[in-house]
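Hello,

Here is the structure I promised to pass on. Please have a look at it first, and then read my notes below.

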Amino acid sequence: MTVFIALLKREISEHKSLWRVPLILLGMALLVKMSFAFGNLSIDFDVPDGFNIESTVDSWLATAIGKALSVMNYIVMIVMFLVAIFYALSSLYDERKDQSVLFWRSLPISDTQTVLAKLTVATVLVPLTILVLQSVIAMVFLGLQGFDYLSSYLVSALSQLGKVLLWSMLPTIAWCLLCSQVANKNPFLLALVSPVLVILMDWLFLNGVLADTVVINRLTGVDSYTLTVLVIGLIFSVSCLVFTVARRGERV
Amino acid sequence: MQEITSNSQPFVDVNNVSKHFGATTALDNVSFSIGPGEIVGLIGPNGAGKSTLLKAMMGLLKFSGGLSVFGRNPMANRAELLTKMSYIADVASLPGWMTVGELLKFMADVHPQFNIERSKTLLKDTPIQQSSKIEALSKGMKTRLHLSVILAINTDFLVLDEPTLGLDVLVRRDFQDRLVEDYFNQQRSILITTHQIDEIESILTRVLFIRDGAITLDINKADLKIKFSKLLVSGSVVFGDPNIKPIYQRQLPDHTELIFEGVDPAVLAEHGTVVSPSLEDLFVATNS
């Protein structure tokens, strides 16, 4: 366990975008909140009787903040998933490029452990960061009301995030880790080109059945969370990971 | 009882190991074993099979034949074996983004045999600071750091693959001194591969020459001087005994060098100056 935690720590300090990007997003949220705060100031001015539309303004503001919050939540999720994807694509490739893989593999750590640590960062730590960041932003936006908001938001967010994770993220990250391990020059291109080829071939010869269900759904968000799609995704993920571990063992 | 078995068992036992890459033979029935108290040089030109042999020992490569490291199959027990042996695959492989302090902390977390205090002691005499980023260190200092980290791992067997490649003479000499002073004792062994013989000759206790995947010579340094001698003569030399024949002969501008195997130096001394051959002489003599 100490070993695994040390491996996670190593990933976080090696891949700085994992914690820098959330900080930037938080800064962005603060800016948005500040623009609202200046708006708030004007409402505090005394409005003459008869012109008091305070309640309407309040509700309008609440909706605007609510909307801004939803937008922020969405941005946080998308950006952090992109961070996870780029992290997965670079992690194993960078090790080989800077030769440090020779050092890592001279330590009594199995390849399975290393690959699982990287998978954990992308599929557990990143989603946790998303939830924490969204909660902090909600508190920043709504103040104490944030607790009410979060108690209902987090429940739906958990199930939503869970679905996205299992159906879309896990296969994507597993695929990216595999590409990161096997790519000779550019893991990003490899990860991108082969799905595009599959889609093209599929549209040409199979009327897009395969591409729509297996590839595009994973990226755009599965519209029907069916068991078949999940099982296919899990089998695909496990195969990718097994192959990644095996290939890391072969490289010297 | 446990103690006795582990002491009598060789660290590495290589038994008829072969490896083929398609039609090329990388290793051809290689056999040797390494026990405690040895500094073995595995010496051969590039492409001789040194790396293949090391990779097989490290469990990085499939092979045919018998090979055990600490009595175990390296292929199936790679991670576990690395708690018993230390290994430097390349001195330029430390992660540059880490600071020295982070590296030591990481080692302490992941390696059960790592002694962080020892590594700090080993680094005390160097200009290396705990807060320095590894990529900011010079190549020589990186090597020194890597060695200090590896020497702080309490294992009995150390494997170094071309450890001094590309290092200047001062760093190289320091590296060797550290190995002998800070690591080596009668319970421990070191295996070093190199293609630059003169670099490590002085610290070796045993020499393995490898060429085209086969071991061409396996001899203790102490026996080497008894078995081989080098004769320097000016002009030509004729031996009465037809059994006295040089295994190698080299014409130089002012004298001729002759290398003999198993010939009494006293007999040779009648014909010229007898000296002990260098490893380089022997490598050339036994491989041509």
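Helices here are DSSP runs of H or I with at least four residues, strands are runs of E with at least two, and both are numbered from the N terminus. A residue is called buried if 20 or more other C-beta atoms lie within 10 Å of its own, exposed if 12 or fewer do, and partly exposed in between, with C-beta atoms placed from the backbone.

A word on the model itself: it is predicted, with local features needing pLDDT of at least 70 and side-chain atom pairs counting only at pLDDT 80 or more, while totals for chains, interfaces and linings use all residues. Residues are numbered from 1 along each chain as its sequence is written, and chains are lettered from A and ligands numbered from 1 in the order in which they are written.

**Chain A**

Chain A has 9 helices and 0 strands. Of its 252 residues, 29% count as buried. Among contacts in chain A between residues at least 6 apart in sequence, 80% join residues at least 24 apart; two residues are in contact if their C-beta atoms, placed from the backbone, lie within 7 Å.

How do helix 6 and helix 9 of chain A cross? The axes of helix 6 (residues 145–182) and helix 9 (residues 227–250) of chain A come within 8 Å, at a crossing angle of roughly 20 degrees. That makes these two helices of chain A roughly parallel, a label for angles under 35 degrees. Axes are lines fitted to C-alpha atoms, for helices over the stretch in contact, and angles run from 0 to 180 degrees between N-to-C directions. The residues of this contact include L166(A) and W167(A) from helix 6 of chain A, and V229(A) and L230(A) from helix 9 of chain A. By class, the contact of these helices divides into 15 nonpolar, 4 polar and 2 charged residues. Here Ala, Val, Leu, Ile, Met, Phe, Trp, Tyr, Cys and Pro count as nonpolar, Asp, Glu, Lys and Arg as charged, and the others, Gly among them, as polar.

**Chain B**

Chain B is assigned domain 1 (2–222) and domain 2 (224–286), with bounds from an automatic or database domain assignment. The centres of the two domains of chain B, taken over C-alpha atoms, are 34 Å apart. Between them, 11 residues of domain 1 of chain B touch 7 residues of domain 2 of chain B. Strand 9 of chain B gives the largest share of the domain 1 side, 4 residues.

Another helix pair is in chain B: the axes of helix 6 (residues 139–151) and helix 7 (residues 169–183) of chain B come within 11 Å and cross at roughly 10 degrees. These helices of chain B are therefore roughly parallel to each other.

**Where the chains meet**

The contact takes 21 residues from chain B and 17 residues from chain A. On the chain B side, helix 4 of chain B gives the largest share, 4 residues. That side has 12 nonpolar, 4 polar and 5 charged residues.

Best wishes

Conventions. Parallel < 35°, antiparallel > 145°, perpendicular 65-115°, else oblique.
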